[in-house]
Amino acid sequence: MRVAGDIVYVDDSGLIRRRDYSVAVAGDTPAAHYVSGHQEVDGLVVPTTRMIYSRDENGHKVPEPLVVSVRLENVTVS
């Protein structure tokens, strides 16, 4: 699925798993943003892990260095 120049990868259950985009504040560096660890919290599905990598000229993830890594724990909605 394309959204305003981005590419969004969705699995069979409708969950976003990856988003490819260009990071404007970093000179339009191509990024691959992976989300996982989806958990339902008060009716909302929240990905608890986010990992962002650079992409090469063919659009493939560059495994090193990992640019951003976020892991959420004890997610609540209020």
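Colleague: Which residue lies over the face of tyrosine 34?

Modeller: A charge sits over a ring if NZ of Lys or CZ of Arg is within 6 Å of the ring centre and within 35 degrees of the ring normal. Here lysine 61 lies over the face of tyrosine 34, at 5.3 Å from the ring centre. In another case, the charged end of arginine 19 sits over the ring of tyrosine 21, 4.2 Å from its centre.

Colleague: What kind of model is this, and how are its residues numbered?

Modeller: This is a predicted model, in which local features need pLDDT of at least 70 and side-chain atom pairs count only at pLDDT 80 or more, while totals for chains, interfaces and linings use all residues. Residues are numbered from 1 along each chain as its sequence is written, and side-chain values use heavy atoms, with hydrogens and water left out.

Colleague: What is the mean pLDDT of the protein chain?

Modeller: The term pLDDT denotes the predictor's confidence in each residue, from 0 to 100. The chain has a mean of 92, and 95% of its residues reach 70 or more. Confidence is lowest in strand 1 (residues 2-3), with a mean of 54, and highest in strand 7 (residues 68-71), at 97. Strands (E, at least two residues) are DSSP runs, numbered from the N terminus.

Colleague: How many aromatic pairs are there?

Modeller: Rings of Phe, Tyr and Trp (its six-membered ring) pair if their centres lie within 6.5 Å; planes under 30 degrees apart count as stacked, over 60 as edge-to-face and the rest as tilted. By this rule there is 1 aromatic pair. Tyrosine 34 and tyrosine 53 form it, edge-to-face, with 5.9 Å from centre to centre and 80° between the planes. The pair links distant parts of the chain, 19 residues apart: tyrosine 34 belongs to strand 4 (residues 29-41) and tyrosine 53 to strand 5 (residues 44-55).

Colleague: Is tyrosine 53 buried or exposed?

Modeller: Buried means under 20% relative accessible area, exposed over 50%, and partly exposed in between (1.4 Å probe, protein chains only). Tyrosine 53 counts as buried because its relative accessibility is 10%. Tyrosine 34, at 25%, counts as partly exposed.

Colleague: How many salt bridges does the structure hold?

Modeller: Side chains of opposite charge can pair when their charged atoms come close. A salt bridge is a side-chain nitrogen of Lys or Arg within 4 Å of a carboxyl oxygen of Asp or Glu. The structure holds 3 of them. In one, the side chains of arginine 19 and aspartate 6 meet at 2.6 Å, N to O. Arginine 19 lies in strand 3 and aspartate 6 in strand 2, so this pair ties together parts that are 13 residues apart in sequence. Aspartate 6 is buried at 14%, whereas arginine 19 is partly exposed at 34%.

Colleague: Which residues is serine 22 in contact with, leaving aside its neighbours within four places in sequence?

Modeller: Contact means heavy atoms within 4.5 Å. With those neighbours left aside, serine 22 is in contact with Asp28, Thr29, Pro30 and Arg55. Serine 22 lies in strand 3 (residues 16-23).

Technical notes. Helices (H or I, at least four residues) and strands (E, at least two) are DSSP runs, numbered from the N terminus.
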